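Hello,

Here is the structure I promised to pass on to you.

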Amino acid sequence: MESDYFAVIVGAGITGCVAGYELAKKGRKVIILEQESEVGGLSRSFRYNGFSFDIGPHRFFSHKPQVNGLIQDVLGEGVEMISRNSSVYFMNRYYSWPLRPWVPFFLPLRVSARSCLEVIKMIVCSPRLKADNFEDYIRSRYGPTLYNVFFKEYTEKFLGLPADQTHSDWAREGMKRTIIDERMGARNLFDIIRMMLLFRPIPTRFHYPSG
């Protein structure tokens, strides 16, 4: 059975909607299939008792002008600029996100001692192992303690997949802006201490839909 559609897109999340939008602008006939009753994927919001709740991240940030132009084109006046102010609640305390280099030193004593020793040992002494999945990537950079108490459960709950069956690209992209991985990866102990004392987070402003 032939179809009149140029493309059939599965999933009406951000990626699916943008793909359909761009194809439609070029005059292509597109259909987007979505199992939920509303479009948006993780970027949906819902109302409850008079409050709006974002299911997933609603902030948009890119260094690419064409991406920012698309966002402005779609949202029009229904967009505002906000500064980044992210944190993660872990072991009865909020930690700034992206993670700061001194985070392991402020965890509960037992966890802090083990994780700090593992991180320092790997950075100073151990070569990086090839990591083909999320679990191996995180363990080889942050150690088994931080992986088990911080990264594993959240990632598996969020993705619905075992960490050892999730591609390492998920960890690599997700941790791109975390200070431990990108800025400490090949440094010695002196550089780690210097980064802890001199570190300043890079201010970032996001597009946020106000409607």
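W170 is partly exposed, because its relative accessibility of 43% falls between the 20% and 50% limits. Please keep in mind that this is a predicted model. F158 is also partly exposed, with a relative accessible area of 40%.

These two residues belong together: F158 and W170 form a tilted aromatic pair, with 6.1 Å from centre to centre and 35 degrees between the planes. The pair links distant parts of the chain, since F158 belongs to helix 4 (residues 134-159) and W170 to helix 5 (residues 168-174), 12 residues apart. Y154 joins in as well, as ring pairs link Y154, F158 and W170 into a cluster.

How many aromatic pairs are there in total? The count comes to 5 aromatic pairs. Another of them is made by F46 and F53, which are stacked at 5.4 Å centre to centre, with 20 degrees between their planes. Here the planes are under 30 degrees apart, so the pair counts as stacked. F46 is partly exposed at 40% relative accessibility, and F53 is partly exposed too, at 36%.

The charged end of R28 sits over the ring of F6, 4.3 Å from the ring centre. For Y5, the residue over the face is K29, at 5.1 Å from the centre of the ring.

I hope this helps you find your way around.

Best wishes

Definitions and conventions:
Residues are numbered from 1 along each chain as its sequence is written. This is a predicted model: local features need pLDDT of at least 70, side-chain atom pairs count only at pLDDT 80 or more; totals for chains, interfaces and linings use all residues. Side-chain values use heavy atoms; hydrogens and water are left out. Rings of Phe, Tyr and Trp (its six-membered ring) pair if their centres lie within 6.5 Å; planes under 30 degrees apart count as stacked, over 60 as edge-to-face and the rest as tilted. Buried means under 20% relative accessible area, exposed over 50%, partly exposed in between (1.4 Å probe, protein chains only). Helices (H or I, at least four residues) and strands (E, at least two) are DSSP runs, numbered from the N terminus. A charge sits over a ring if NZ of Lys or CZ of Arg is within 6 Å of the ring centre and within 35 degrees of the ring normal.
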